[in-house]
Amino acid sequence: PRYTQGVSSAASDVYKRQVFDLTNSQSFEDVKKWIDMVHDHCTHEIMVVLAGNKADLTKEKKVTESMIRDTMQMAEIINYYEVSAKSGCLLYTSPSPRDLSTSRMPSSSCKQ
């Protein structure tokens, strides 16, 4: 695929970030397909940073922590962030899949 061109020719590790909509499970499924495609077409290590957007819409979330945790483990994702583009907040970060439920680091400017 065109968006993976040039990635395999980089001299060092590449960081790719992928954003999905926490209120849309299809958005998350598309990210998983993208991650698989990138891993299939790249000849060196790709480090994926995953971000779930619309974290401010807690009652409308369709993507669960267990879905995110499983994908992080499967794809060896290095970091996960929950963000709200609407409010500009970083609601929390998780440095690893095992810390997903316990490492919430809310920003003081964000409402949860």
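**View 1. Ile 35 lies in helix H1.** This is a predicted model, in which local features need pLDDT of at least 70, side-chain atom pairs count only at pLDDT 80 or more, and totals for chains, interfaces and linings use all residues. Residues are numbered from 1 along each chain as its sequence is written, and side-chain values use heavy atoms, with hydrogens and water left out. Helices (H or I, at least four residues) and strands (E, at least two) are DSSP runs, numbered from the N terminus. Ile 35 has a relative accessibility of 0% and therefore counts as buried. Buried means under 20% relative accessible area, exposed over 50%, and partly exposed in between (1.4 Å probe, protein chains only). Beyond its neighbours within four places in sequence, Ile 35 contacts Val 48, Ala 75 and Ile 77. Contact means heavy atoms within 4.5 Å. Lys 16 is 19 residues from Ile 35 in sequence, and their C-alpha atoms are 9.4 Å apart.

**View 2. Helices H1 and H2 pack along each other's sides in contact through the residues named here.** H1 spans residues 25-41 and H2 spans residues 65-75. Their axes come within 11 Å and cross at roughly 5°. H1 is therefore roughly parallel to H2. Axes are lines fitted to C-alpha atoms, for helices over the stretch in contact, and angles run from 0 to 180 degrees between N-to-C directions. Angles under 35 degrees count as roughly parallel, over 145 as roughly antiparallel, 65 to 115 as roughly perpendicular, and the rest as oblique. From H1 come Phe 28, Glu 29, Lys 32, Ile 35, Asp 36 and His 39. From H2 come Met 67, Ile 68, Thr 71, Met 74 and Ala 75. By class, the contact of H1 with H2 has six nonpolar, two polar and three charged residues. Ala, Val, Leu, Ile, Met, Phe, Trp, Tyr, Cys and Pro count as nonpolar, Asp, Glu, Lys and Arg as charged, and the others, Gly among them, as polar.

View 3. The whole structure holds three salt bridges. A salt bridge is a side-chain nitrogen of Lys or Arg within 4 Å of a carboxyl oxygen of Asp or Glu. Glu 29 is partly exposed, at 29% relative accessible area. Lys 32 is also partly exposed, at 24%.

**View 4. Asp 21 meets Lys 54 in a salt bridge.** Their side chains come to 3.2 Å, N to O. The pair links distant parts of the chain, 33 residues apart. Asp 21 sits in strand S1 (residues 14-21), and Lys 54 in the loop between strand S2 (46-53) and H2. Asp 21 is buried, with a relative accessible area of 16%. Lys 54 is partly exposed, with 32%. Phi of Lys 54 is near 70°, a positive value in a residue other than glycine.

**View 5. Lys 61 forms a salt bridge with Glu 82.** The closest N and O atoms are 2.9 Å apart. Lys 61 is partly exposed at 26% relative accessibility. Glu 82 is buried at 3%.

**View 6. Phe 20, Phe 28 and Tyr 80 form one aromatic cluster.** The structure holds two aromatic pairs. Phe 20 and Tyr 80 form a stacked pair, 6.3 Å centre to centre with 20° between the planes. Phe 20 lies in S1 and Tyr 80 in S3, so the pair ties together parts 60 residues apart in sequence. Both Phe 20 and Tyr 80 are buried. Rings of Phe, Tyr and Trp (its six-membered ring) pair if their centres lie within 6.5 Å; planes under 30 degrees apart count as stacked, over 60 as edge-to-face, and the rest as tilted.

**View 7. The chain has two helices and four strands.** From the N terminus on, the elements run β-α-β-α-β-β. Buried residues make up 40% of the 112 residues in the chain. Among contacts with a separation of 6 or more, 63% join residues 24 or more positions apart.
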